[in-house]
Amino acid sequence: SVRVDFDKYGRVSYSATFRGKTVLRPSRLGLELESTSSLDRHFVVKEESRRSQKGKIESRLAERASVEFAWNELTLLLEQKTTQRLLRIEFRLFDQAIAFRYVIPAKRRFIEEFVITGETTELRLPPDATAYTEYGHEGSYNERPVDQVRKGCELPLLVRDKGNGLFHVILQADASDYSRRFLRTIKSGGV
C-alpha cells in the first residue's frame with residue numbers, strides 16, 4: 001500500500017508497505033525548474049481519483065503466451081498555492097510493484113516553456129538496506145550500504161532489504177523527452 005502525506009509547508013511525501021512491512025519510509029516528491037520557483041512545496045489537493053484494472057497481455061518473451069496483470073491507481077491533481085500551477089502525480093500499485101510519475105498539464109496554469117533542472121524525488125529505504133550499484137554503461141555491479149551510493153549511480157538499482165528479506169528494483173520507464181536519470185545518496189538512508 002502507498003500513503004501520501006503533506007507537511008505544514010505543503011510538501012508532498014509518500015511511503016509504502018508490502019504485506020505489512022515497510023519498503024519505503026516517508027519520501028519527498030517534487031521537481032526543480034530553471035528560472036522559476038520549483039514544484040516541490042505549497043501544494044494542496046485540487047482533485048483526487050482512483051481506478052483499478054485487471055487483464056491479460058500477450059507476451060512473446062515470457063514462459064506463457066499471456067501474462068495477467070492487475071493494478072490500483074491513485075491520481076492527485078495538486079495546485080501550488082503560491083503560483084496556481086498544477087502538477088499531477090499518478091501512483092500505480094501492482095501485486096508486487098509500485099510505480100509513480102509526474103505529469104505537468106499542458107500550458108494550463110503553467111509557464112509556456114520550462115526546463116526541469118532536477119528532482120527532489122526521494123526513495124528513503126530501510127536503514128539496513130544494501131544496493132547493487134553501477135557507475136558506467138554496462139559496468140560491473142557491487143553491493144554496498146545504501147548510504148554509500150555515490151552521485152552518478154546508474155539505473156536500474158537493485159536493493160536488498162535485509163530486515164524483511166525483500167528485494168526492490170528502482171528503475172525509470174515511460175520517460176520520453178526526459179533525460180537519463182542518475183541517483184545520489186540523501187541523508188538518512190535513501191537515494
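**Reading strands, surfaces and salt bridges**

Me: In which strand does Val169 lie?

Reply: Val169 belongs to strand S13, which covers residues 166–170. Helices (H or I, at least four residues) and strands (E, at least two) are DSSP runs, numbered from the N terminus. The model is a predicted one, in which local features need pLDDT of at least 70 and side-chain atom pairs count only at pLDDT 80 or more, while totals for chains, interfaces and linings use all residues. Residues are numbered from 1 along each chain as its sequence is written, and side-chain values use heavy atoms, with hydrogens and water left out.

Me: Which residues make up the covered and uncovered faces of S13?

Reply: Leu166, His168 and Ile170 form the covered face of S13, whereas Phe167 and Val169 form the uncovered one. For single residues, buried means under 20% relative accessible area, exposed means over 50%, and partly exposed lies in between (1.4 Å probe, protein chains only).

Me: Which residues form the nonpolar patch on the surface?

Reply: Patches are made of residues with over 30% relative accessible area and no salt bridge; like charges are joined within 9 Å, and nonpolar side chains (Val, Leu, Ile, Met, Phe, Trp, Tyr) within 5 Å. Accessible areas come from the Shrake-Rupley method with a 1.4 Å probe, and for residues only the protein chains shown count as cover. Here the patch consists of Leu158, Phe167, Val169 and Leu171, which together have about 380 Å² of accessible area.

Me: How many bridges join strand S12 to S13?

Reply: Two strands pair if DSSP finds at least two bridges between them. S12 (residues 157–161) and S13 run antiparallel and are joined by five bridges. Within this pair, Arg160 stands opposite Phe167. Four residues lie between the two strands of the hairpin, where Gly165 takes a positive phi near 75°.

Me: With which residue does Arg160 form a salt bridge?

Reply: A salt bridge is a side-chain nitrogen of Lys or Arg within 4 Å of a carboxyl oxygen of Asp or Glu. The partner of Arg160 is Glu143, with the closest N and O atoms 2.7 Å apart. This pair links distant parts of the chain, since Arg160 is in strand S12 and Glu143 is in strand S11 (residues 142–145), 17 residues apart. Arg160 is partly exposed at a relative accessible area of 26%, and Glu143 is partly exposed at 34%. A search of the whole structure finds ten salt bridges. Arg51, Glu73 and Arg92 are linked in a network of such bridges.

Me: What is the order of the strands in the open sheet?

Reply: The open sheet has three strands in the order S1-S2-S3, with antiparallel pairing. Strand S1 (2–6) and strand S3 (21–28) stand at the edges with a single partner strand each, so one side of each is left without a neighbour in the sheet. S1 pairs with strand S2 (residues 12–18) over five bridges, and Arg3 stands opposite Ser15 in S2.

Me: Is Leu77 buried or exposed?

Reply: Leu77 is buried, because its relative accessible area is 10%. This residue lies in strand S6 (residues 66–80). Contact means heavy atoms within 4.5 Å. Not counting residues up to four places away in sequence, Leu77 touches several residues, among them Val44, Leu86 and Pro105. Arg88 is eleven residues from Leu77 in sequence, yet the two are 4.4 Å apart in space, C-alpha to C-alpha.
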